[in-house]
Amino acid sequence: MTLSREEKIRAGISKEMKFLEIGPSYNPLVPKRDGWNVFTVDHVSRAELVKKYTGHPNVDVSRIEDVDFVWTGTTLDALIPVEMHGTFDACVASHVIEHIPDFVGFFTAASKLLAPGGIVALAVPDKRYCFDYFRPHSTTGQILEAHRQGGGRHRPAAHFDHVAYTCKNDGAIAWGQAAPGTIELITPALANAWNHFSGQPSQQYVDCHGWQFTPSSFELIVLELAALNLIDFYVVQSFPPEGCEFIMQLQKKDASANVSNEQIQAKRLELLERI
C-alpha cells in the first residue's frame with residue numbers, strides 16, 4: 001500500500017497525542033478541524049496569513065487555522081509557556097528546519113518541549129530536487145559553528161550562497177526524481193549576492209534556506225550531533241524522496257549508551273559513502 005504524504009508524516013502517531021506544529025501556514029499537517037490535539041506556531045497571526053495568501057492560486061484560505069503562538073524571533077522553548085514544557089508527544093514541521101539558523105538550538109528546544117520518547121516528524125527539501133541543486137551539502141561543522149555563534153539570524157555566507165546559486169529547472173523551483181532539464185540560475189548577477197553579503201547585517205530575521213540536505217546527509221548530521229551529546233534525538237524512521245522532499249521521524253531518547261563507538265564510526269562511514 002502506498003502511503004500519502006500526510007500518512008508518512010503521521011506514521012505511528014495518533015489524534016489522542018498532544019502536538020506542536022511549527023509553521024503550518026495555509027496547509028496544516030495535523031488540522032485542529034479534524035480533531036487533532038495541536039498547538040501551532042507561525043510567524044504571523046491567522047488574520048495576517050489569510051491576508052498574505054488571499055488570491056494566491058491553489059491556496060484555500062479557509063484551511064488556515066488559528067495560530068496559538070506567534071514567533072517573535074526567540075527560541076521555541078522561550079516562546080512556549082514553561083508549564084507546557086515536557087507535555088508534547090510530537091512536533092511536526094514541513095519545510096521548516098532548513099530555515100532555522102540554529103539547527104542544534106531547534107532540537108535543544110524540542111527536547112525541552114517533548115515528553116520522553118517524543119517524536120519530531122519533518123518534511124525536508126532534498127537539495128537535489130529543488131532550487132538548492134547547486135549548493136553543497138551542509139556539514140556538521142557548519143551547524144556547530146552556527147550554534148556557537150548563536151542568534152536567530154542566518155550567517156552572511158548563507159545569504160550569499162542563497163542568492164548566488166539558487167536555480168530553476170525548466171522554469172520550476174522544485175521538481176522530482178527525473179533527470180534535470182534546462183538548469184538556470186535565478187539571479188545570474190553575482191553582484192546581487194555580494195550586496196547581500198557585504199551590506200549592513202539586518203537586525204531582523206531575513207529568510208533563506210540556511211541548510212541543504214539529502215536524506216543521508218541529514219541522518220549523518222543527526223548521528224554526529226547525538227554522538228557529541230549535543231542533541232538527544234535519533235532517526236527512527238525515514239521515507240525515500242518523493243517529489244522535492246524526504247520525510248524523517250526522530251525520537252527523543254538517550255540511546256548513546258547503547259551504541260558503541262565502533263558502531264557509530266561504521267554508520268558514519270556508511271552515510272558518508274552514500275552521500
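**Labels and their cut-offs**

Mentor: Glu65 and Arg33 form a salt bridge, with their closest N and O atoms 3.1 Å apart. This is a predicted model, where local features need pLDDT of at least 70, side-chain atom pairs count only at pLDDT 80 or more, and totals for chains, interfaces and linings use all residues. Residues are numbered from 1 along each chain as its sequence is written, and side-chain values use heavy atoms, leaving out hydrogens and water.

Trainee: Why is the contact of Glu65 with Arg33 called a salt bridge?
Mentor: The term asks for a side-chain nitrogen of Lys or Arg within 4 Å of a carboxyl oxygen of Asp or Glu. Here the closest N and O atoms are 3.1 Å apart, so the pair meets the definition.

Trainee: What does the pair of Glu65 and Arg33 tie together?
Mentor: Glu65 lies in the loop between helix H2 (46-53) and E3, and Arg33 in the loop between E1 and strand E2 (37-42), so parts 32 residues apart in sequence are tied together.

Trainee: Is Glu65 buried or exposed?
Mentor: Buried means under 20% relative accessible area, exposed over 50%, partly exposed in between (1.4 Å probe, protein chains only). Glu65 has 13%, so Glu65 is buried. Arg33, at 40%, counts as partly exposed.

Trainee: What makes Lys112 and Asp77 a salt bridge?
Mentor: Their N to O distance is 3.2 Å. Lys112 is in helix H4 and Asp77 in helix H3 (residues 76-79), so the pair ties together parts 35 residues apart in sequence. Asp77 counts as buried at 15%, while Lys112 is partly exposed at 44%.

Trainee: How do you know that Asp126 is buried?
Mentor: Its relative accessible area is 0%. Its salt-bridge partner is Arg128, at 2.6 Å, N to O. Arg128 is partly exposed at 36%.

Trainee: Why is the pair of Phe160 and Phe197 called edge-to-face?
Mentor: Rings of Phe, Tyr and Trp (its six-membered ring) pair if their centres lie within 6.5 Å; planes under 30 degrees apart count as stacked, over 60 as edge-to-face and the rest as tilted. These centres are 6.2 Å apart, with 85° between the planes. So the pair is edge-to-face.

Trainee: What makes Lys18 sit over the ring of Phe88?
Mentor: The rule wants NZ of Lys or CZ of Arg within 6 Å of the ring centre and within 35 degrees of the ring normal. The charged end of Lys18 is 4.8 Å from the centre of the Phe88 ring.

Methods:
Helices (H or I, at least four residues) and strands (E, at least two) are DSSP runs, numbered from the N terminus.
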